[in-house]
Every structure is written in C-alpha cells, then in structure tokens.
Amino acid sequence: MSGAATSPAAALAARLVVGLAGPRCTRAEAAWLARWRPAGVILFARNVTGRTQLGALCRQLRALLPAEAEILADQEGGPVAVAAAALGRPPAAWGLGLVDDPELTRRVHAETGARLREAGVTRALAPVADVLVEARNPVIGARAFGADPARVARHAAAAAAGLRAGGVGCCLKHWPGHGGTVADSHERAVATAEGAQGGPFWAALAAGADAVMLGHLPVADPAEPATPATLDAAAAGRVRALVPGARPLLYADDITMGALRDAMAARGILPLGPDPGAGLVEPGALPLAWLQALETGGCDRLLCRGIPWRALPGADGPDAAIGGAEFAACTPPGPDDATEDGAADAGGVYAEALGRVARAAGGDPFPSASRRLLWLDATRGDRWGDADALRGALAGRFADVRRLDVPGDCGAVAADALLVTSHRPLGAAAAEAVGAAAGSVDAGGCLALGHPSLAQDLRARLPGGWRLTALPDLAPAALTALWGG
C-alpha cells in the first residue's frame, strides 16, 4: 500500500489490537496484518486448542507483526481464561479474595505470567480491579477479588506484581469500575452506579501495573448512562494522572460492544450493512468513523475481537489469498496437542490455591452416605462455557448423577445432595427450582459453583438442616481440591 506508513488510516491501524477467527492465521488475516501492521493480536478461546498449537501460533504472529507489537490474552482465571486449553485455568479471583492471602495471589499470577511468557504471549489482560458492589452483577461476578475496595486493592496490587514477575505485562480492568452495574456492557450501555472505585486501580499502578483497560462506562455516576470513558479524552487524562509518573498504557475495551451503540448513534455513526441493532457489532461492520471517534477518545490501544475489514480493507477483502510460502509461515503445524481444560493444574500453586479456597468455603457439604446427586445446571450456551468437564469428577464421587437444566420443573425430584452451576446470578424461577428440588428432605448438602450471588440465593431457599458450600470455580480441579484428591 503506497504511503500507508504515513497515512491517517495507517496511524489508526497502529492503535488496533485485533482478533483472529480461529486457531490458524488465514491467508487473508496474514495479508491484513502485513498491510496494516497493527499494535497487536488479542487471543480468544477459539484461537487456543493446545500447548503446541498456541506456541506455534504466537511464534508465527511474532514473525508477521511489528517488533514492538503485542500478543494479548484474557487469562484472568476462573470463568475468563482463554488459554485454559493450553495453559490450564488459574483459580478465580473471588476465591483468592476469600482466602485473602496477597502473597498467594502474587504467586498464582506469577505462575500465570510464566506460562503465558513461555507460550509467547506478552501481556495478560488482567487483573480485574472492579469491586463487586452490585451482588447480582452479571458480567463481573467471580472475576472480582471481592466486594470490599480495600480487599480488592491489595489483591489487584499483588496480582499485578505477580504477572510482572512472571515476565508479562498486565492490564487493570475495567476503569472506572464495572462492579456496580446491573447489566453487561457487551450488550448495551450501562451506568456505573457505585462501581466507580479508583482505589484498586491506584494500588495496582503503584505496585507496577503498566496498563489500564477503560470500559465503555461513564466516569460519573448518573442515573442514566452518559458518555463512555473510551470516547472521553478527559477521562483518559484522569486515568493517566492516578499515580504521578506511572503513565500507564490505556486500552479501550472491545470496540464492538453494544455499550457503544447509543453513543455512536448520537454522533451519526452506525454499523454498516445488515445489523440487529442490539448487542455486539460485527467487526467487519464497523465503519471507519467508528474507529476515528475512538481514536479521539485518548486510548493508546483499541481492542477489536476481529478484523475491521470494511473500515480498513485488506488487499482484496477477507477472502484474499497470499502466496503458499507466506501462508505456510502463518499456519501452525499439527498435531494441536490439546490439553483438557484444567489438566495442567494438577499440583503446583493453582492446586494449592484451590485447596485453600475449598477449606475457606467450608469443605465438602455432602453427607457421607449420599450416592445420588441432582445437578441443576444453568451454564448451557453461556459464552464462558458449559460445565460438561465436571462429569468425570462427579462420576467418581457419586453412583448416580442426574443433570437438569434450570429453570425447569425440578419439583418432582428430591435428593439429599444438590449441585448448582451457573456463571451468572440465578433468575427467580431457577432459584425456586432449586428450593423445590430440596423438597421434603430435611437435611442434605448443596454445592454451588460459579457466581458469588448463588450462595445468598440458595441459603434463602434450602431447608434449615442443609449444609451449603459455595466455590467460584467450575473447573474439575475445584472438585478435586474439595474432595482432597
């Protein structure tokens, strides 16, 4: 592209961090990367199938990208761990906050950083510095270290220090705070309410964090959503001034999120082509004006879950081809060396942390005589994944496991051992289904895995003689830790 190195479009592209469609860099993607030379590539679970594959992909991306470009991954732990298939799943932040040992948190994140660095990832989009002040928040949940700003501050600082010690950059998120929202900014505009908590961000920056992710969230706390921080240059300036001399790199959260729709529409900017008018925007439907508006917002980097083909076209669009030799250079070899999610967590600091979380939560809740487990599951179809991986561990503990989706008619089924799994808060119907499942059984045990709000919802509906244990992790390793295996 003649003159691309100095064109306004090329300068904008140099701020972008883009996603790939799958575990292999296609010819068209490689051609786009070579043409536009973005600031980096962000990995998602769809890009990671195993340790060998991830390492090969990172090496080939490194050959395609500018020397200073980054390879980033949302490897927080718990529900959000995009490299779990290759590198294991770190313990959820909520559990680490429950144990409340900052040194353990530092060690866990140092291990995560070391695994990422070895694979070729240069920055973890973590830790989460949000304070879960809204107990039923649908998008933060177990990703937060707690509901107390001081606790979140000490663990966010420890996590940032650990990632840096592990050899990768980190990125605090989601400033000014997503923990007080009652909705998900992936879907629509939200108000921060009491979620704007600066203390944890300040503490982690002071501990050496070198980047902050701005959410598409208003900086103030109005009754109605206002201008997202990612479109507000003054907001970016306030983040940079949090810790004098820190000068963190600022990342805009995924620019295809539904939270940007209203603000962009108010500027006369709409997605291109057929569009449902709600929720996430297809990366290829982003107009150039959408990117330009974010460029004036003040963030150094703009995350995009795909490639904005229409805003910044490739040589011949997304179906373009490049030479066979060039394609071979960007296609990871097989086999993929797939690692079952959680298999890399046996032993080491991840297992130690999960064991301590299990003890802090109260240990195994099930009566020793329980042979039948009723599993009420709300994870099917969730973007953070379903709970199918638990099957093996459950089969080793119970002779009979019956799995039912919730909400559903569970009233006719009674058991003295219940398992509830959900990444999100339970709806009223689902919570009532759990209460009905406990039925006339006066005493039993219930294990809740997932969102922190499950414990409160279930305690209100279980009979008084029931024992309840709530853990934030849905990985098989959490059950192994609970049962001391």
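**View 1. The largest nonpolar core has 72 residues.** In this predicted model, Leu43 and Ile255 have the most contacts inside that core. A nonpolar core is a set of buried Ala, Val, Leu, Ile, Met, Phe, Trp, Tyr and Cys residues joined through side-chain atoms within 4.5 Å; buried means under 20% relative accessible area (1.4 Å probe, protein chains only). Helix H2 (residues 27-36) gives the core its largest share, five residues. Helices are DSSP runs (H or I, at least four residues), numbered from the N terminus.

**View 2. The surroundings of Ile255.** Contact means heavy atoms within 4.5 Å. Beyond its neighbours within four places in sequence, Ile255 touches residues including Leu16, His216, Trp290 and Cys304.

**View 3. A second, separate core has 30 residues.** Val131, Val349, Ala353 and Phe398 are among them.

**View 4. Helix H6 (residues 102-119) packs against helix H13 (residues 348-361).** The angle is about 145°, and the axes lie 9 Å apart. Axes are lines fitted to C-alpha atoms over the stretch in contact, and angles run from 0 to 180 degrees between N-to-C directions. H6 contributes Leu104, Arg107, Val108, Glu111, Thr112 and Arg115 to the contact. H13 contributes Val349, Tyr350, Glu352, Ala353 and Arg356.

**View 5. Residues 1-5 and their confidence.** Here pLDDT, the predictor's confidence in each residue from 0 to 100, stays under 50. Residues 319-331 are also below 50. Where pLDDT is low, the predicted coordinates should not be read in detail. The chain mean is 89.

**Notes.** Residues are numbered from 1 along each chain as its sequence is written. Local features need pLDDT of at least 70, side-chain atom pairs count only at 80 or more, and totals for chains, interfaces and linings use all residues, while side-chain values use heavy atoms, without hydrogens and water.

Notes:
Helices (H or I, at least four residues) and strands (E, at least two) are DSSP runs, numbered from the N terminus. Buried means under 20% relative accessible area, exposed over 50%, partly exposed in between (1.4 Å probe, protein chains only).
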